[in-house]
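Hi,

Here is the structure I said I would pass on. Have a look at it first, and then read on for what turned up.

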Amino acid sequence: MNQKIISVPQLITLFMINRLVISLTFGSSSINNHNIWDCVISSLLVFFITFILIIPMMMLFKNNKNSDNKNLDIVDINEQILGKFGKIISVIYAFYFLLSCTYTLSNFKIFIESVINPPISFLVLLTSIIIFACYSAAKGINAIARAGAIILFLTFFLLIMIYISLFKLIDFTNFRPFFYDGYSSLTEGAFFMLSRMSCIPAMGMLLPMCFGNIKKGIITWNFLVFFLMSSMIFLVTGVLGELSNVKLFPIYTATSAAKISKFENLDSLYLGLWTAGIFLKLSLFLNLSSECLRKSFGRHSNKIIIFLLGIILIITNMFTKISNIISGIFDTRFLFFMTIFTAFLVPLILLIIKKIFKFKQEPEI
């Protein structure tokens, strides 16, 4: 059972860094080589859809205490309402969190191998990040939240530097009318953003741990996500123009050409932001995935489960080919289905069953 151990601002911090990891990798390949500029409208559409997706989760946790006045998370509610079948749903959540980690590392692998070409092998770099992330995950959600506050402070400072440097390079002739080439980029952009909305399923585990004004926090988070995504698209389009539609990592390309006073090669700031974000995201989702498995299959040590999940991540990314990033389990349609299922459908079904069960029981009282 969960206790109130993190504040709403800490929750927003974790979610913002998680979203930053996705935003920094957004490019034409994410939307099947369509016009990135149209995705500003996609981000606005996703902004409103997000509020709809959150409703079942928020309603489910409105009164989520058991007889001992303990807070219940999505795993507890699954098993309380669905019994043994609830364990299957909990495993799906654990798989989803681990899948999100694998996808993030696979994107990082593409970036390292196709852009950076570091002197050390990717396996060494990957193993180091995962080991530190496993250690952080084993320390618990409270420690992860504290680390997130430090990372967010540094992230905020670095983002300001990047934004200032890029704004001076904007050429307003690079902005074409919206939907100049059709509406495909609108739908593709929306699908991409929604399919990576892993924060909503994470709420199923984290909301019961939070104290403070959760509704206000969620609204603030959604506004910040919209601003982050739309502002990055605006800057990249203004700086790169048509080039933003052919580059694999356009935000990195834009920062490579930027500088502030004596500070040059701001692409190193990009790499620092992304690496720090990946570390925190892995820590958070490894912790959540291990919690799902631990609660469903006995009271085994959480550290052992996290260690095993870390090994799975290393092995999975060792054999992941670049072509797999846009196909198979990393296909946008599959990720979209998994996100909608865990973020919206499961809470909605649990909520309906809970209401029906309560309704049936009332006449017997």
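Predicted model: local features only at pLDDT ≥ 70, side-chain atom pairs only at ≥ 80, totals over all residues.

With Phe51 it makes an edge-to-face aromatic pair, the centres being 5.1 Å apart and the planes at 80°. Both of these residues belong to helix H2 (residues 39–60), where they are four residues apart, or about one turn of the helix. Phe51 comes out as partly exposed, because its relative accessibility is 26%, and the buried class takes in values under 20%.

Across the whole structure there are 16 aromatic pairs. Another of them joins Phe47 to Phe48: the ring centres are 5.1 Å apart and the planes stand at 75°, so this pair is edge-to-face. The cut-off behind that label is an angle over 60 degrees.

Elsewhere, ring pairs tie several aromatics into a cluster, made up of Trp37, Phe172, Phe175, Phe178 and Phe234.

Rings also meet charges here. Arg333 is placed over the face of Phe191, 4.6 Å from the centre of the ring. In the case of Phe285, the charged end of Lys281 sits over the ring, and the distance to the ring centre is 5.7 Å.

Now for the cysteines. How many disulfides does the structure hold? The count is zero. Take Cys134 as an example: the closest cysteine sulfur to its own belongs to Cys101 and is 9.2 Å away, so it is too far for a bond. A disulfide would need the two sulfur atoms within 2.5 Å. Cys134 counts as buried, with 13% relative accessibility. Cys39 is buried too, and its relative accessible area is 0%.

Last, a look at how two helices meet. Which way do H4 and H12 lie relative to each other, parallel or oblique? The axes of helix H4 (residues 85–116) and helix H12 (residues 302–318) come within 10 Å and cross at roughly 40°. H4 and H12 are therefore oblique to each other, since angles under 35 degrees are the ones that count as roughly parallel. As for the hand of the crossing between H4 and H12, it is right-handed.

Cheers

Definitions and conventions:
Residues numbered from 1 in each chain as written. Heavy atoms only, no water. Buried < 20%, exposed > 50% of the residue type's maximum accessible area, 1.4 Å probe, protein only. Phe/Tyr/Trp six-rings, centres within 6.5 Å; stacked < 30°, edge-to-face > 60°. Lys NZ or Arg CZ within 6 Å of the ring centre and 35° of its normal. Axes fitted to C-alpha atoms, helices over the stretch in contact; angles between N-to-C directions. Parallel < 35°, antiparallel > 145°, perpendicular 65-115°, else oblique. Left-handed = near helix turned anticlockwise from the far one by under 90°.
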